[in-house]
Amino acid sequence: MKVSFDCPDKINGLLTVTIEEDDFKNDVEKELKNYRKRANVPGFRPGMVPMGLIRRQYGNAVKMDVVNNKLSEEVNKYIQDNKINMLGMPLGSEKQTPVDLEKDAPYTFMFDIAVAPEFDIELSDKDAIDYYDITVDDKLVDQQVDGFASRFGAYQKAEEYKEGDVLKGDLRELDAEGNTKEGGVEIEGATVMPQYLKDDDQKKLFEGAKAGDIITFNPYKAYAGGAEVATLLKVEREKKDDYQGDFSYQITEVQHFEKHAVDQELFDQVFGKDEVKDEKSFREKIAEGVKQQLATDEDFRFLQDLRKYAEEKVGQLTYPEALLKRVLKENNKDKDDEFINKNYEASLKDLTWSLIKNKLAEKAEVKVNDDDVKNVAREIARAQFAQYGMQNVGEEYVNNYAEELLKQRDTVNQFAERAVDEKLVAAIKPVVKLNHKEISLEDFNKMVTAEQA
């Protein structure tokens with residue numbers, strides 16, 4: 001078997017493979033003998049079918065399979081052995097002439113290969129990159145304390161309705177004369193939150209309401225005919241328009257939401273039994289946790305600034321445009337040429353960063369293993385628990401949730417990429433000069449939002 005690779009411009013490669021008879025004939029004979037052992041041909045005992053008959057029936061198909069397998073193995077081996085930095089996959093060359101495998105060898109196959117452009121990048125303490133340190137100030141801690149107090153708060157009975165309160169009562173459909181409709185809708189213990197009513201006139205009906213009051217209102221008007229009507233009346237959504245009349249609502253209970261006091265019970269609920277003993281320690285532990293959470297945002301921002309800096313340092317790279325568009329087309333077979341041309345530049349930008357990142361990771365000896373991917377999954381799990389105020393979730397629950405996340409292939413690939421990013425950031429930060437810039441979380445979010453717009 002002969003293999004040659006021609007790449008005069010260093011980005012458009014042509015791989016040529018010539019397969020001789022001796023490269024595959026023994027494998028073909030071996031496979032045909034296996035066919036003979038399994039063949040079930042009327043008039044012959046198993047394993048006793050004449051080889052000539054087997055060869056006539058299966059010879060060409062077996063030969064085609066063996067040649068294709070040999071070809072695939074040789075192409076992949078050559079690319080790996082010669083460390084060709086290929087973009088995409090080998091494509092059948094436009095220079096290829098038809099190959100008739102029914103004729104005798106040799107057979108010549110040609111492949112077009114998009115080769116990554118050659119470049120180099122070195123980073124040192126002479127390279128200055130911004131690093132934003134988000135300040136954990138009293139305002140931010142106050143917000144977190146208030147958030148925990150709200151999350152662990154509870155509804156208490158109140159004398160009179162105020163904005164934000166919840167009402168419970170008995171709901172009855174009325175007829176045109178304002179009497180309880182015979183056979184009409186009746187709901188006991190119906191919950192109404194007036195602050196979410198969409199009609200101001202209907203909302204005013206509940207001002208100052210107390211337990212025992214009977215209020216006549218129109219749910220259809222109150223919710224502007226929305227899906228909430230069906231939910232309140234416990235009817236099918238498609239039938240909500242049948243209930244556009246008035247209802248009486250006898251209030252049985254007014255519930256006012258009270259935030260949890262900032263006390264030992266709250267400390268225990270947030271961080272675990274006796275982990276925090278006073279408010280000062282509570283705030284300090286909150287600040288510590290917030291800083292850890294914000295470190296992820298800080299590093300992600302640094303990665304974006306690193307990307308911008310590295311792309312400018314590397315400069316414009318030259319790609320095999322026509323060949324890359326063919327690769328994109330192969331990867332998006334359901335898309336037309338207009339889609340490929342429209343998305344080509346954006347794909348090129350992402351490809352450039354991918355090549356740069358791989359180069360930086362290689363020089364920093366960044367390697368990712370299964371444990372790194374699992375650690376990212378656990379980070380994601382903890383972050384999602386934290387969003388719901390669950391700060392002291394046991395490792396067993398974190399690990400179980402992480403295992404569920406890892407069952408999805410696409411998710412695993414994303415976690416692996418994030419693991420690379422995290423290790424790359426950790427490796428690059430000590431190497432370059434960091435221009436530390438303190439910034440509030442509010443200004444940090446404004447900056448990110450403005451750049452995404």
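A crossing of two helices counts as left-handed if the near helix is turned anticlockwise from the far one by less than a right angle, and as right-handed if clockwise. In this predicted model, local features need pLDDT of at least 70 and side-chain atom pairs pLDDT 80 or more, while totals for chains, interfaces and linings use all residues. Residues are numbered from 1 along each chain as its sequence is written, and side-chain values use heavy atoms, with hydrogens and water left out.

Helix α7 (residues 264-271) passes α8 in a left-handed crossing. The axes of α7 and α8 (residues 279-314) come within 10 Å and cross at roughly 25°, with axes fitted to C-alpha atoms, for helices over the stretch in contact, and angles running from 0 to 180 degrees between N-to-C directions. The pair is therefore roughly parallel (under 35 degrees; over 145 is roughly antiparallel, 65 to 115 roughly perpendicular, the rest oblique). Leu266, Phe267, Val270 and Phe271 of α7 meet Glu279, Phe282, Lys285 and Ile286 of α8, contact meaning heavy atoms within 4.5 Å.

Turning to the strands, β1, β2, β4 and β3 form an open antiparallel sheet in that order, where pairing takes at least two DSSP bridges. β1 (2-6) and β3 (86-92) sit at the edges with a single partner strand each, so one side of each lacks a neighbour in the sheet. Eight bridges link β2 (residues 12-19) to β4 (residues 107-115). Helix α9 (residues 321-331) lies across β2, β3 and β4, at about 80° to β3.

How values were computed
Helices (H or I, at least four residues) and strands (E, at least two) are DSSP runs, numbered from the N terminus.
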